[in-house]
Amino acid sequence: MCLAVPGKVLSLEERDGTLMSVVDFGGLHKDVCLQYIPDAAIGDYVVVHVGFAIQRLDEESALRTLAEFEHLGVLNEEFADGFAVAAAQAGVENPDTARQRDPEEES
């Protein structure tokens with residue numbers, strides 16, 4: 001599932017000619033492109049879809065939506081590690097975790 005999720009703009013910076021931000025989604029911080037909302041400011045709430053801020057949102061609505069998403073477990077689902085989720089659903093070990101393990105530990 002792919003949702004549009006509200007978040008609070010924490011920082012602004014230009015990266016390779018693109019306006020970017022770190023956005024707080026109820027404690028989860030992600031990089032977000034702000035090209036569609038170039039006049040966004042630190043402290044603004046924006047609605048983010050697939051890494052792009054697509055509109056502003058008032059704080060009350062944003063916080064209410066984040067609380068509901070948290071209650072439903074949607075934030076963890078939306079921002080979770082896809083490999084870990086798929087591995088758990090399949091009942092197998094996460095391939096990323098297996099690769100990161102020290103080979104000497106397995107001996």
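The side chain of aspartate 24 reaches the backbone nitrogen of glycine 26 at 3.4 Å, and one of its polar atoms lies 2.6 Å from the backbone nitrogen of glycine 27. Polar contacts here are pairs of N or O atoms within 3.5 Å; within protein, one must be able to donate a hydrogen and the other to accept it, and residues adjacent in sequence count only if both atoms are side-chain atoms. This is a predicted model: local features need pLDDT of at least 70, side-chain atom pairs count only at pLDDT 80 or more, and totals for chains, interfaces and linings use all residues. Residues are numbered from 1 along each chain as its sequence is written, and side-chain values use heavy atoms, without hydrogens and water.

**Around aspartate 24**
- Aspartate 24 sits in strand S3, residues 18-25 (strands are DSSP runs of E, at least two residues, numbered from the N terminus).
- Aspartate 24 is buried (under 20% relative accessible area, 1.4 Å probe, protein chains only).
- Its contacts (heavy atoms within 4.5 Å) include Gly7 and His29, not counting residues up to four places away in sequence.

**Helix H1**
- Helix H1 (a DSSP run of H or I, at least four residues) covers residues 59-72.
- Ser61, Ala62, Leu66 and Phe69 are buried in H1; these buried residues fall within an arc of 130° seen down the axis, so they line one face of the helix (the arc is that of the directions from the axis to the C-beta atoms).
- On the other side, Glu60, Arg64 and His71 are exposed (over 50% relative accessible area).
- Glycine 73 follows H1, with a positive phi near 80°.

Methods. The expected span of a helix is 1.5 Å times one less than its number of residues. Lys and Arg count as positive and Asp and Glu as negative; His and the chain ends are not counted. A salt bridge is a side-chain nitrogen of Lys or Arg within 4 Å of a carboxyl oxygen of Asp or Glu.
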